[in-house]
Amino acid sequence: MTRAREAFVEALRSAGLRATAPRLAVLAALRRQPHADTDTVIRHARSELGTVSTQAVYNVLAALVEVGLVRRIEPAGSAALYELRVGDNHHHVVCRNCGAVGDVDCAAGRRPCLTPSEAHGYLLDEAEVTYWGICPACQSESRLTRLPGPLDEVEIHCNYPVEGGRP
Ligand SMILES: [Zn+2]
Ligand SMILES: [Zn+2]
């Protein structure tokens, strides 16, 4: 068993879930490709398991999100995306052109990260920020005529839908 697989087994057990093959395959898929959509997770899971139903993968993702092992994000206009990086209040940068998604560390290092100009008396616990722009790959394509200013302050990883390896 690889170390990553051992860690997944341990994480599932700590969360009170049995380490079933579909759960391990979904976790492995998200390790390979952070911010994957459901179709991508299904493709990876099938390549590992042979057959697994779409509904089974949906159920696994829902269970993993529920216990906090997987984070679900849903940028406007995008399908739901899943990742293993949880609990650190990180934000995302999304390409308007190709949908690439990258992680941006929490600006303040703790929740809620940003202080709103008006809290309306709410006790705030989270600010979920999406930075929208054009990724480097799309910037270099000349057919884009209207480019916003470069996002100098944030680290950009264009890791979707490129396969294999972490950015
Ligand atoms: Zn792009
Ligand atoms: Zn992320």
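A: Helices (H or I, at least four residues) and strands (E, at least two) are DSSP runs, numbered from the N terminus. The chain has 5 helices and 6 strands. This is a predicted model, in which local features need pLDDT of at least 70 and side-chain atom pairs count only at pLDDT 80 or more, while totals for chains, interfaces and linings use all residues. Residues are numbered from 1 along each chain as its sequence is written, and chains are lettered from A and ligands numbered from 1 in the order in which they are written.

Q: What pattern does the chain follow along the sequence?
A: Read in order, the pattern is α-α-β-α-α-β-β-β-β-β-α.

Q: At what angle do the axes of α2 and α3 cross?
A: Two packed helices are described by the angle between their axes and the distance between the axes. Axes are lines fitted to C-alpha atoms, for helices over the stretch in contact, and angles run from 0 to 180 degrees between N-to-C directions. Here α2 (residues 21-32) and α3 (residues 38-49) cross at roughly 120 degrees, and their axes come within 9 Å. That makes α2 oblique to α3 (under 35 degrees is roughly parallel, over 145 roughly antiparallel, 65 to 115 roughly perpendicular, the rest oblique). The crossing of α2 and α3 is right-handed: the near helix is turned clockwise from the far one by less than a right angle.

Q: Which residues make the contact of α2 and α3?
A: Residues are in contact if their C-beta atoms, placed from the backbone, lie within 7 Å. From α2 come Ala21, Pro22, Ala25, Val26, Ala28, Ala29, Leu30 and Arg32. From α3 come Val41, His44, Ala45, Glu48 and Leu49. By class, this contact has 10 nonpolar, 1 polar and 2 charged residues (nonpolar: Ala, Val, Leu, Ile, Met, Phe, Trp, Tyr, Cys and Pro; charged: Asp, Glu, Lys and Arg; polar: the others, Gly among them).

Q: How do the axes of α2 and α4 cross, and at what angle?
A: They cross at roughly 75 degrees and come within 10 Å, with α4 spanning residues 54-66. That makes α2 roughly perpendicular to α4. Pro22, Arg23 and Val26 of α2 meet Ala56, Val57, Val60, Leu61 and Leu64 of α4. The residues of this contact divide into 7 nonpolar, no polar and 1 charged.

Q: Do β4 and β5 run parallel or antiparallel?
A: Strands pair if DSSP finds at least two bridges between them. Strands β4 (residues 91-95) and β5 (residues 101-104) run antiparallel, joined by 4 bridges. His91 has Val104 in β5 as its bridge partner. The hairpin of β4 and β5 has 5 residues between the strands, and there Gly99 takes a positive phi near 85 degrees.

Q: How many bridges join β4 to β6?
A: The two strands share 4 bridges and run parallel, with β6 at residues 130-133. Cys95 stands opposite Gly133 in β6.

Q: Which peptide bond is cis?
A: Most residues other than glycine have a negative phi, and most peptide bonds are trans. The bond from Arg111 to Pro112 is cis, with omega near -5 degrees. Pro112 is in the loop between β5 and β6.

Q: Is His35 buried or exposed?
A: Buried means 20 or more other C-beta atoms within 10 Å of a residue's own, exposed 12 or fewer, and partly exposed in between. His35 has 26 C-beta neighbours inside 10 Å, so it counts as buried. His35 lies in the loop between α2 and β1 (36-37). Its phi is positive, about 60 degrees, although His35 is not a glycine.

Q: Where is His120 found?
A: His120 is in the loop between β5 and β6. Its phi is also positive, near 55 degrees. With 6 C-beta neighbours inside 10 Å, His120 counts as exposed.

Conventions:
Two residues are in contact if their C-beta atoms, placed from the backbone, lie within 7 Å.
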